[in-house]
Amino acid sequence: MSHTEQSEMHPGMQMMDMRMYMIINWDYKVRFVFNTWKSTTQGEFVGGLFVTMFFCVFLCLLPVLKGFAERQKSLFLKIVWQLLAATQSSITMFLLMTVNGWVFLAMALGFGIGNFIFYPQMPISQKHQREDDQKVLNR
């Protein structure tokens with residue numbers, strides 16, 4: 001809105017700046033996932049980064065849990081796995097939407113550690129090929 005358009009506004013109407021920039025920031029004041037989960041000090045921020053990293057390590061465990069649920073043939077375990085999968089994708093998206101470089105690095109580190117722990121000595125392409133072969137065998 002130009003300056004002349006602002007002067008034509010009625011008294012009591014205020015212009016709000018609603019621009020959102022998608023620039024990676026490196027600040028420690030971040031809102032993780034929900035508005036109430038925010039860091040106001042550097043200590044809270046570092047704690048949030050560790051929680052983020054451990055969450056990403058846990059995400060690497062989900063395919064292992066899915067395989068366990070399928071082998072047990074338990075409807076309850078399959079439902080729990082579906083809820084975990086749906087929840088984790090939303091939380092991952094919310095974490096990425098913080099557009100904070102430190103959160104990105106914590107997520108990358110967590111996923112790297114998780115893949116190293118749960119899939120040692122298995123290249124990602126071989127892992128996906130094994131999953132595809134398993135799907136073909138189950139049909």
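Analyst: Phe58 counts as partly exposed because its relative accessibility is 33% (buried is under 20% relative accessible area, exposed over 50%, partly exposed in between, with a 1.4 Å probe and protein chains only). This is a predicted model, where local features need pLDDT of at least 70, side-chain atom pairs count only at pLDDT 80 or more, and totals for chains, interfaces and linings use all residues. Residues are numbered from 1 along each chain as its sequence is written, and side-chain values use heavy atoms, without hydrogens and water.

Phe58 lies in helix α2 (residues 42-59); helices are DSSP runs of H or I, at least four residues, numbered from the N terminus. Together with Leu65, Phe76, Val80 and Leu84, Phe58 makes a nonpolar surface patch of about 400 Å². Such patches take residues with over 30% relative accessible area and no salt bridge, joining nonpolar side chains within 5 Å. A salt bridge here is a side-chain nitrogen of Lys or Arg within 4 Å of a carboxyl oxygen of Asp or Glu. Helix α4 (residues 75-96) gives the most to the patch, with 3 residues.

Now the aromatic pairs. Rings of Phe, Tyr and Trp (its six-membered ring) pair if their centres lie within 6.5 Å; planes under 30 degrees apart are stacked, over 60 edge-to-face, the rest tilted. The count comes to 4 aromatic pairs. One of them, Phe34 with Trp37, is edge-to-face, at 4.8 Å centre to centre and 85° between the planes. Phe34 is partly exposed at 43% relative accessibility, as is Trp37 at 49%. Phe50 and Phe54 form a stacked pair, 6.4 Å centre to centre with 25° between the planes. Both lie in helix α2, 4 residues apart, about one turn of the helix. Phe50 is partly exposed at 44%, whereas Phe54 is exposed at 54%.

Technical notes. Patches are made of residues with over 30% relative accessible area and no salt bridge: like charges are joined within 9 Å, nonpolar side chains (Val, Leu, Ile, Met, Phe, Trp, Tyr) within 5 Å. Accessible areas come from the Shrake-Rupley method with a 1.4 Å probe; for residues, only the protein chains shown count as cover. Helices (H or I, at least four residues) and strands (E, at least two) are DSSP runs, numbered from the N terminus.
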